[in-house]
Amino acid sequence: MPGDLQMTDALQGLGWSDFFAEAAEPFLRDVSAGSEPGRIASVGRSSYQIWTEQGLEDALLAGTLRQEAPGQQVPVIGDWVVAERLEETQALRIQQVLPRRTTFARAVHGGTAEQIIAANVDVVFIVTTPDLDFDLPRLGRYVAAVQVSGAQPVVLLNKSDLVQDAAWYLEQVRRLGPDLPVHQVSAAHDGGLDTIRPYFTPGQTVALIGSSGVGKSTLTNRLLGQEVASTGSVRETDQQGRHTTTGRTLYRVPGGGLLIDNPGLRDIAVWDADSRSVNFDVLEELATKCRFRKCTHTTEPGCAVQRAVQKGQLDAQVLTAFHEAQGQPVRRPKKR
């Protein structure tokens, strides 16, 4: 592939690197034929939007990619693709999906299938709030899923203005890992955003995940400096925002970097690199049968989880992953 194509500032700003240039080389040897690289910005029912050197453009999927043959990858947000520009209409047709550098996915259908959330993500902001959404074991599962993907997990405690002192919440999150970055922010008031802007450098991709209503859309709008994502009203009962984001979009951030906003995820089950699901739903169902209500599933007598492991009904690795993600049960401080 010609060097001028693989090294352009426009492509590098979208995350293009030597990794993708090498993978694309067989498909882009003859640039005059009208093939060029692009990055998936959004996925519709029958069409795509992709970032190219020319900007954001619409594209259709080639028939060969619609056949869903074994091993055939269907483009997801964040993917790099090779698209053909049709001479008669200048429309783009996606011909090839390039190998993924990182793949952020979760297990679905009881752990029997993988759902890819985004591709080629460098950092994932896990957004939570100091209210009813705060759930340390669930945050641990988010962190585990991001680590498996190859991206760096970062936890954001948003809406920190809801409590007088957020120190307790920050301390709990730090229990999930000594090297886990944790930031206190208040997107609605631009609080703490200067601490997370350094993650946005040219070519670096950051994704947002978290429950519905934790302020991901507001955070997206603040980081982009414009109202691109719809935000909902806040419920007076629990100070949670209403779910607004229904699709995933890859935005370019002013000053450099890219941002993927995601719809709210109620929870996540980890899909590991060996295509095994680390799903805690079965474990938590077993836990209801333990003798003690606050059983830690370690050495307590009458532990239904340990009994299931001994009988081969539960994979010991699932219990190990649960212990790694499980935080210490501590009474929460009162809100204002």
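Reader: Hi! How do β12 and β13 pair, and over how many bridges?
Author: Hi! In this predicted model, strand β12 (residues 249-252) and strand β13 (residues 258-261) are antiparallel and share 4 bridges. Arg-252, for instance, has Leu-258 in β13 as its bridge partner.

Reader: And what sits between the strands in that hairpin?
Author: There are 5 residues between the strands, and in this hairpin Gly-255 takes a positive phi near 95°.

Reader: Which open sheet do they belong to?
Author: They are in an open sheet of 6 strands, ordered β10-β9-β8-β11-β13-β12, with mixed pairing. At its edges stand β10 (182-184) and β12; each has a single partner strand, so one side of each is left without a neighbour in the sheet. On average, neighbouring strands here are turned by 25° against each other, direction ignored.

Reader: What about β8 and β9, parallel or antiparallel?
Author: Parallel: β8 (residues 123-128) and β9 (residues 152-157) are joined by 6 bridges. Within that pairing, Phe-125 has Val-154 in β9 as its bridge partner.

Reader: Nice. Which helix packs on the sheet, and what does it touch?
Author: That's helix α5 (residues 136-149), touching β8, β9 and β11 (205-210). The direction of α5 makes about 170° with that of β8.

Reader: Switching topic: how does β3 pair with β2?
Author: Strand β2 (residues 48-52) runs antiparallel to strand β3 (residues 55-61), with 5 bridges joining them. The hairpin from β2 to β3 goes through 2 residues.

Reader: Which residue in β3 is the bridge partner of Tyr-48?
Author: Ala-59 is the partner of Tyr-48. Ala-59 also stands opposite Leu-92 in β5.

Reader: One more thing: which residues does the UniProt "binding site" annotation cover?
Author: The unreviewed UniProt entry gives that annotation to Cys-290, Cys-295, His-297 and Cys-303.

Reader: Where is Cys-290, and what is it in contact with?
Author: Cys-290 lies in the loop between α8 (281-287) and α9 (304-310). Leaving aside neighbours within four places in sequence, Cys-290 is in contact with Cys-295, His-297, Gly-302, Cys-303, Ala-304 and Val-305.

Reader: Is Cys-290 buried or exposed?
Author: Buried, because its relative accessible area is 10%, and buried means under 20%.

Reader: And Cys-295, buried or exposed?
Author: Cys-295 counts as buried too, at 11% relative accessibility. Cys-295 has its place in the loop between α8 and α9. With neighbours within four places in sequence left aside, Cys-295 is in contact with Cys-290, Glu-300 and Cys-303.

Terms used. Residues numbered from 1 in each chain as written. Predicted model: local features only at pLDDT ≥ 70, side-chain atom pairs only at ≥ 80, totals over all residues. Heavy atoms only, no water. Pairing = 2+ DSSP bridges. UniProt positions renumbered as here; feature names shortened; annotations may be inferred. Buried < 20%, exposed > 50% of the residue type's maximum accessible area, 1.4 Å probe, protein only. Contact = heavy atoms within 4.5 Å. Axes fitted to C-alpha atoms, helices over the stretch in contact; angles between N-to-C directions.
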